Amino acid sequence: MTDDTKKPTRRSQAWFGRQDRDGFIYRSWVKNRGIPHDQFDGRPVIGICNTYSELTPCNSHFRALAEQVKIGIWEAGGFPLEFPVMSLGETLLRPTAMLYRNLASMDVEESIRANPLDGVVLLMGCDKTTPALLMGAASVDVPTIGVSGGPMLSGKYRGRELGSGTGVWQMSEDVRAGKMTQEEFFEAESCMHRSHGHCMTMGTASTMASMVEALGVGLPHNAAIPAVDARRNVLARNAGRRIVQMVEEDLVLSKILTRQAFENAIRVNAAIGGSTNAVIHLLAIAGRIGIDLDLKDWDDIGQKLPCLLDLQPSGKFLMEDFYYAGGLPAVIRQLESVIDKTALTANGKTLWENCQDAPNWNEEVIRSFDKPFKEAAGIAILKGNLAPDGAVIKPSAATPALLKHRGRAVVFENSDDLHKRIDDENLDVDETCVLVLKNCGPKGYPGMAEAGNMPLPPKVLRKGITDMVRVSDARMSGTAYGTVVLHVSPEAAAGGPLALVQNGDFIELDVEARKLHLDVSEEELARRRAQWQKPELPPQMQRGWVKLYVDHVQQANQGADLDFLVGKSGPYVPKDNH
């Protein structure tokens, strides 16, 4: 006769369930902070993966958020164990946080697998922390739930709304054009960021928090509850409760991160006017979990969908307004005709079950599917002889008149060259030109910096011009805007055609035709290629993590993951440490 009451053997029991010398070691050292023996009786051990850091301002409130998660885990009968992982702050980290995304993902993966954990709660906020944690967790594939830190309160400056990042780009151009004083610029610093949380525009942080919810890894309303709203703490506590149930149900991450989930995320990204960075991050996450996703999917699935959300940088409102209007569930409800309703989410319900009755309290912020904020506003994928493996552009943040344009190239060989010459009054440039920036891709920067939204030359700004066509192998902040072609693949440092562009060449952009063309003959390009020399990184960057990264990073169209990290190893239990 079998004992149906016998508790399942959990991964953590390979440590805490041992009745020998090693079991003594595993339990005894944990007991040094007053843990009762019955906590090791087979109940789910839940890791709280915390990216708290004072060097990551967006995540500086995560100590308090983690405590709410712990309470929820205790309440549900689990045993919480918090652990730190590398934190990636977009504003302070040099040369770019993207250089370290894959390193942080390795930290997450190995920390989860090497420890006695049955499930994990991911605490993430600033841009790269979200994809890094999802990538690492996907490679282990244990029950996982995501909790984002939430956006800041809306910025307030001299009687008007001020959005994170977006306001910086606008005001810095006004300073360069002589429309704003330096003193006014400095005053705005403390007006823009006045509470805990990440950027309150639809930048990369808000976009990726929305992707967590759209993918089903987070609970409903994960994306938009402000960081300092008490309901963010409620969501964190509920996530703590739910992860214990997910372990009981063996609801591992691969059951949520399905092909249908990624397709839904692409649709949602279009509907919210999400960041172009979502492309590169979702490609990398899909690669870790084993889902076949590529740039063509972004065009096929999302590009013709409308933008429903009037939010900076594509619109005027901010994340606080978005939450009060109904948040992401209200947007997803409007996608009824296109969404995959069967996709499973972390709370055990389908995405549609979570959103089918979601109210919309402000139709000025969240528009209806048949009366959208912008038509066909998803991210467009461009190809041509300048980008054989693809490039991306965000039409909702671009100037419509520039989406079809032919102009003379003004070329900057790298970011230093750009900063040195862009303000030069003798620069041969006007508003019809195409600004081209090289060597800012994964290998070239290295790390693929957010340098793609190049500042405009002052003599162009003084004419009242606010946008020009810009082309690079870099990324762009999700808070930025403009007719900016990004992620050109292969990148210049890898010998892509972008490396061969010269001043005076003509470049043709046609977004509707998905075309990015360099008007130079194949014979001339072959001549230039024979003379091209691969740029060298400075000696201090030819060692350690940077060398490993540059030697193994894939191109942007593949998600810029390291080649040896693609795929997953699963939740195997390593051998004992004695």
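1. Strands β13 and β14 (residues 515-518) pair in the antiparallel sense over four bridges; strands here are DSSP E runs of at least two residues, helices are H or I runs of at least four, both numbered from the N terminus, and two strands count as paired if DSSP finds at least two bridges between them. Opposite Glu 508 you will find His 517 of β14. Four residues lie between the strands of this hairpin, and Arg 514 takes a positive phi near 60°.

2. A word on the model before going on: it is predicted, with local features needing pLDDT of at least 70 and side-chain atom pairs counted only at pLDDT 80 or more, while totals for chains, interfaces and linings use all residues. Numbering runs from 1 along each chain as its sequence is written, and side-chain values use heavy atoms, with hydrogens and water left out.

3. β13 (residues 506-510) also pairs with β9 (residues 404-412), in the antiparallel sense and over five bridges. Here Lys 404 stands opposite Asp 510 of β13.

4. Next, have a look at the open sheet of four strands, ordered β2-β1-β3-β4 with parallel pairing. Because β2 (79-84) and β4 (144-148) are the edge strands, each with a single partner, one side of each has no neighbour in the sheet. On average, neighbouring strands are turned by 20° against each other, direction ignored. Between β3 (residues 119-124) and β4 there are five bridges, and Val 121 has Ile 145 as its bridge partner in β4.

5. Helix α5 (residues 129-140) lies across β1 (45-50), β3 and β4, at about 165° to β3. Such angles run from 0 to 180 degrees between N-to-C directions of axes fitted to C-alpha atoms, for helices over the stretch in contact; contact means heavy atoms within 4.5 Å.

6. Arg 462 is worth a visit, in the loop between α17 (458-461) and β11 (469-472). Leaving aside residues up to four places away in sequence, Arg 462 touches Ala 177 and Glu 425. The side chains of Arg 462 and Glu 425 form a polar contact of 2.9 Å (a pair of N or O atoms within 3.5 Å; within protein, one must be able to donate a hydrogen and the other to accept it, and residues adjacent in sequence count only if both atoms are side-chain atoms).
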